Amino acid sequence: MKLLPQIQVEGGAEWLARTATQCLIDEARLSPKPGLVDSRGNGAHHDLTLALMERSAHSLTPTFQALAQQSWQRPADIALRQTVGRLGREGEQQMMKATGGVNTHRGAIWALGLLVSAVAMQGGDASAQTVAETAARLAKLPDDAAPKVFSKGLRATHRYRVPGAREEAQEAFPHIMQRALPQLRLSRLHGSSEAQARLDALMAIMTSLTDTCVLSRAGMEGLDAMQDGARAVLNAGGCATPAGQLALATLDRQMLALNASPGGAADLLAATLFLDRVETPYSKH
Ligand SMILES: CC(C)(COP(=O)(O)OP(=O)(O)OC[C@H]1O[C@@H](n2cnc3c(N)ncnc32)[C@H](O[C@H]2O[C@H](COP(=O)(O)OP(=O)(O)OP(=O)(O)O)[C@@H](O)[C@H]2O)[C@@H]1O)[C@@H](O)C(=O)NCCC(=O)NCCS
Ligand SMILES: Nc1ncnc2[nH]cnc12
């Protein structure tokens with residue numbers, strides 16, 4: 001009996017890591033996604049392929065597992081924030097090694113890393129809302145060991161005075177909790193296929209996210225096109241309807257013409273799928 005808690009930690013950590021990786025793969029394969037890598041092709045990217053995205057996802061399993069192990073039933077304090085920051089940066093190095101130096105999943109390591117930690121902090125059993133709030137508490141803590149780099153994301157948030165990946169986590173993932181997760185479940189309820197429901201969830205994120213990938217590549221024109229186009233898909237009835245599919249194809253063409261790729265929205269879709277599975281681990285999705 002003495003061994004039971006350890007078995008629970010190890011089994012729980014392994015499940016969380018496997019699930020997080022699978023959600024990255026499910027996101028990457030989902031098609032047709034506007035401007036993004038999917039099972040049709042490379043979208044607006046010259047240096048990314050589906051095979052590379054999948055290799056990157058697999059390279060992150062040990063990082064997710066270590067994050068879960070180290071966070072199990074621990075409180076949100078500076079010591080844990082530093083451990084999570086260190087493991088996240090090591091994960092970024094693993095990703096870069098696996099992809100030959102291409103940034104495939106930096107934003108996903110951040111979002112999913114925090115969420116994996118947060119589930120583990122709750123002992124593996126909590127609602128999606130509690131997990132998102134726990135992750136936010138961790139994201140708000142300072143990480144003094146973080147190198148001071150002026151990233152593309154920071155440049156875009158300063159230039160356009162908008163929130164980015166940091167703020168999304170610190171505010172408890174509003175694009176997941178208030179938009180994507182409700183849309184995913186609503187579309188399923190209305191009889192959409194699983195792929196259509198996931199595409200609708202992506203559209204729900206894209207209607208209002210200030211995606212710094214889009215801003216860096218295509219400025220405010222690109223961001224407006226992304227948000228308006230995603231709204232048009234949902235207003236047309238979503239991806240299960242012929243009108244919604246037409247609007248989605250139009251949005252795809254626009255994103256390609258503007259060289260825009262909503263990589264931040266894609267990361268948040270993977271994180272949405274993760275929270276969906278954490279909350280309903282035995283469902284067929
Ligand atoms: C807090 C960090 C995420 C760092 O954030 P910051 O904004 O400073 O830095 P970036 O390097 O720009 O990374 C942010 C990535 O987050 C995604 N994202 C963008 N907007 C949002 C948003 N509004 N909400 C949520 N997430 C968002 C996005 O990731 C995806 O895009 C990546 C590709 O981007 P890029 O390199 O720009 O690629 P291209 O456009 O293709 O470039 P070119 O071809 O033009 O060269 C891809 O990776 C997707 O994942 C942003 O890129 C965080 O990283 C951090 O502080 N980490 C430290 C470690 C830590 O504490 N970890 C704890 C948890 S493990
Ligand atoms: N499918 C995808 N295509 C391009 N960038 C991404 N970042 C995360 N997922 C992505």
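What share of the contacts in the protein chain with a separation of 6 or more comes from residues 24 or more positions apart? I looked this up and found 72%, a contact being heavy atoms within 4.5 Å.

**Ground rules.** I am reading a predicted model, in which local features need pLDDT of at least 70, side-chain atom pairs count only at pLDDT 80 or more, and totals for chains, interfaces and linings use all residues. Residues are numbered from 1 along each chain as its sequence is written, and side-chain values use heavy atoms, with hydrogens and water left out.

**Overall fold.** I noted 13 helices and zero strands in the protein chain; these are DSSP runs numbered from the N terminus, helices being H or I of at least four residues and strands E of at least two. The radius of gyration is 18 Å, close to the 19 Å that the globule rule gives for 285 residues, so the chain is as compact as a globular protein of that length. That radius is taken over C-alpha atoms, and the rule is 2.2 Å times the number of residues to the power 0.38. Along the principal axes, the C-alpha atoms fill a box of roughly 60 × 45 × 30 Å.

**Burial.** I found 53% of the 285 residues buried. Buried means under 20% relative accessible area, exposed over 50%, and partly exposed in between, with a 1.4 Å probe and protein chains only.

**Salt bridges.** I counted 16 salt bridges, each a side-chain nitrogen of Lys or Arg within 4 Å of a carboxyl oxygen of Asp or Glu.

I looked at aspartate 26 and arginine 198, which meet in a salt bridge at 3.8 Å, N to O. Aspartate 26 is in helix H1 (residues 4-29) and arginine 198 in helix H10 (residues 194-206), 172 residues apart. Both are buried.

Next came glutamate 54 and arginine 29, whose closest N and O atoms are 2.7 Å apart. Glutamate 54 lies in helix H2 (residues 50-59) and arginine 29 in helix H1, so this pair ties together parts 25 residues apart in sequence. Glutamate 54 is buried at 17% relative accessible area, while arginine 29 is partly exposed at 42%.

I then checked arginine 89 and aspartate 143, a salt bridge with its closest N and O atoms 3.0 Å apart. Arginine 89 lies in helix H4 (residues 78-99), and aspartate 143 in the loop between helix H6 (128-140) and helix H7 (152-160). Arginine 89 is partly exposed at 23%, and aspartate 143 is buried at 11%.

Last, I traced one network of salt bridges that share partners: it joins Asp26, Arg185, Arg188, Glu194, Arg198, Asp276, Arg277 and Glu279.

Terms used: Chains lettered and ligands numbered in written order.
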